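User: Hi! I'm new to reading protein structures. Could you walk me through some features, one at a time?

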Amino acid sequence: MHYDKFVQVPLICSLPFFFTGPKNTILRLSVKFFPPDPGQLQEEYTRYLFALQIKRDLAESRLMCNENTAALLTSHLLQSEIGDYDEALDRAHLKENTLLPNQEKLQEKIMEFHRKHMGHTPAESDFQVLEIARKLEMYGIRFHPASDREGTKINLSVAHMGVLVFQGNVKINTFNWSKIRKLSFKRKRFLIKLHPEVHGPYQDTLEFLLGDRDLCKIFWKNCVEYHTFFRLMDQPKAKAKPVFLSRGSSFRYSLTGSPPFDTKNPLNMSLPGFQMSNLSLPGQPLSPLQSPILSEAGSTRLDDEEEVRRKRYPADKAYFIAKEILTTERTYLKDLEVITVWFRSAVIKEKAMPEGLMTLLFSNIDPIYEYHRGFLKEIEQRLALWEGRSNAHVKGDYQRIGDVMLRNMCVLKEFTSYLQKHDEVLTELEKATKRSKKLEAVYKEFELQKVCYLPLNTFLLKPIQRLMHYKLILERLCRHYPPDHQDYGDCQEALMEVGEVVAQLQSSLIRLENFQKLTELQRDLIGIENLILPGREFIREGCLYKLTKKGLQQRMFFLFSDMLLYTSKGVTITNQFKVHGELPLYGMIVEESENEWSVPHCFTIYSAQKTIVVAASSRIEMGKWIEDLNMAIDLVKKSNEKGDVPTLQLFLFMPLPSFFSGSSDEVSVEQESEDDTHSSRSSLDKQTHHRANTTMHVCWHRNTSVSMMDHSVAVENQLSGYLLRKFKNSNGWQKLWVVFTNFCLFFYKTHQDDYPLASLPLLGYTASMPSVSDSIHKDYVFKLQFKTHVYFFRAESEYTFER
């Protein structure tokens, strides 16, 4: 121990050289790196050593938890040490050994828990200790007292995911490795330099003050070692040491070199570079937290690993359906963090949101987020047991997921009241952004951050959409299982539970998705102020070519339940679309007119104000537009015949501005200039560059269209997981975490990353099997192609491939 703090002794360092201070230094064998799931360590003896560390942390009040959890942990330790429950033996052992600081107070509860562990082997008990401990907030946490720039006392710590900041015992911030650009120290100042996309317009370097230079260097070394152990795959090349002058620390943490232990040692200890293989998860390279290979180097080894993995892990379809729950739950939790962590931080920093709205928004979504954190850990535990890697001898009864889903779907019903408030949350947020310029600016600035990879209000719909995903996945499980399967009953009950909630919220979801789409379009369109009106529904958006004096000009069309808008893309930095025409559907007629104008896929739209001629990119696209237009026209007509004309219809019959007017008995071929967008409102000059991967912009560039029905189908088919990707002219496969949502693939290094490296909008792409000329000789490979752009993706199983 050093200055009352634990210091790791370098294994290659002689003790007399290392210790130059007090003679009463205590040496202990201790765990240095705490993986996110120690239960997945392969060696039973290694798990035993980790359990001993948890035991010591519990006794020394390092692992803080509530009394119930402390008693449960202690009961498993008792089972591991003395075997099955015996009252006299239990009391004697607890009297002789102090396992908890307040042990006497909890003795009866400990014994009550111990009575329930009959038949557990020491290995099983150790596994349970690790499973309970890893879910605790303070698992593996070692405090380093510090203060921030304002002098506030805080505690710093480092974990597998990055650097943590605590105030007292409460975690107030997490800086993931993916957010950090550089770690350094200068005297007693510890510095964290963030990536530009993380800090945005704010400060890029965070500074913390530790007690002295030695303590600062100790913490810095710990951070470097943790990052190396959990993130790096290859040993960095050593730089040549300068002959004369050098600055900074000479410390370099090595992943290679001569092993400090005998390789025949029964502890199976080795250097971190080798030990990381004990932490691997299915479908992940080496460590569960390190980055996959993004270069083509080593791709052959990656293929070999995939083949070995397929032979080793379960091949049952039910396992891969359960794994879909796990992978999509990981993405869902990250999506919730966009609101609960990132957006909250942005509005608090700028003090941009009214207190009432803050309470409404976060009191509604925080409980849902906390619940799903626990749910995810439970799924991870069950999948680890199912694979048989956590503890092979307890594998038997855990190759199912229905019991976990049933238990959690019953709990999820309690959150229905929270989910029913989402309508109010979205409405109030939209109103607040219109009232407050400051909140509007923060909102728009946040949407440009990489972490906000979708429109912000889309993330608020995720909790309701997630219920629908559970329902669809459980339906697939029920179809797969025979009625007499042990998991069928639980899956059927879980399906009924979640089905009830989905039925209650279905109409609300449809309304919210429409509201979200209208608000998104309102921000993207110039020249229409009141797009969001009661009763207005979005139907289709897409690219058509309109006949003008210059010939056929590309235009973006938007079909709603009461009107048709057509726009042109702006050339300003806002990247928005300017409205050129607004045609009410009442009285509208649509006719094919290819022969009349000698233009392929051409049709004419007759409205009360004007007549326009448009052409689609294909006959299929023309058919979609004509079908949706006629459907919407019929609904407006029927509504009018019943005398049930919505209030918004009165607005549609008002005289339009002069630049919308035209003759109703002749084709409108007025001249439209792209430069018109420069005359947009002056307030738009303050807007920043707009995100260009929305469906609107993709439809414009890909010359296609998307309907609200397409959006609904896309919501049902959101997916995430690891895939191998290969370009057309490359030889190697790259392993990436891929999220499929909103007609787009988003690529990450690992599922822990906060924002995607890149995205691939899929509108216009075709999916097919590789042809013979592609020379792809692997299973479960599909091909995505748009014109000359070709990508190959390889899934891990037939089920994943078909999904």
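User: Which residues of helix 20 are buried?

Analyst: This is a predicted model, and in it the buried residues of helix 20 are E621, M622, W625, I626, D628, L629, A632, I633 and V636. Here is the general idea behind reading such a list: an α-helix has 3.6 residues a turn, so residues three or four places apart point the same way.

User: How many residues does helix 20 have, and how far does it reach?

Analyst: Helix 20 covers residues 619–641, which is 23 residues. From its first C-alpha to its last it reaches 33 Å, close to the 33 Å expected at 1.5 Å a residue.

User: Now the surface. Which residues form a nonpolar patch there?

Analyst: Look for Y45, Y48 and L52: together they have about 260 Å² of accessible area. L52 sits in helix 2, residues 44–59.

User: What does the UniProt annotation say about residues 422–449?

Analyst: The unreviewed UniProt entry labels them "coiled-coil region". In the model, that span is 89% helix and 0% strand, and its end C-alpha atoms lie 24 Å apart.

User: And what does the secondary structure of the protein chain come to?

Analyst: There are 24 helices and 23 strands. Of the chain's 803 residues, 53% count as buried. Its accessible surface comes to about 37900 Å², with 53% of that belonging to carbon and sulfur atoms.

Note on methods:
Residues are numbered from 1 along each chain as its sequence is written. This is a predicted model: local features need pLDDT of at least 70, side-chain atom pairs count only at pLDDT 80 or more; totals for chains, interfaces and linings use all residues. Side-chain values use heavy atoms; hydrogens and water are left out. Helices (H or I, at least four residues) and strands (E, at least two) are DSSP runs, numbered from the N terminus. The expected span of a helix is 1.5 Å times one less than its number of residues. Buried means under 20% relative accessible area, exposed over 50%, partly exposed in between (1.4 Å probe, protein chains only). Patches are made of residues with over 30% relative accessible area and no salt bridge: like charges are joined within 9 Å, nonpolar side chains (Val, Leu, Ile, Met, Phe, Trp, Tyr) within 5 Å. Accessible areas come from the Shrake-Rupley method with a 1.4 Å probe; for residues, only the protein chains shown count as cover. A salt bridge is a side-chain nitrogen of Lys or Arg within 4 Å of a carboxyl oxygen of Asp or Glu. UniProt positions are given in the numbering used here, feature names are shortened, and annotations may be inferred rather than shown by experiment.
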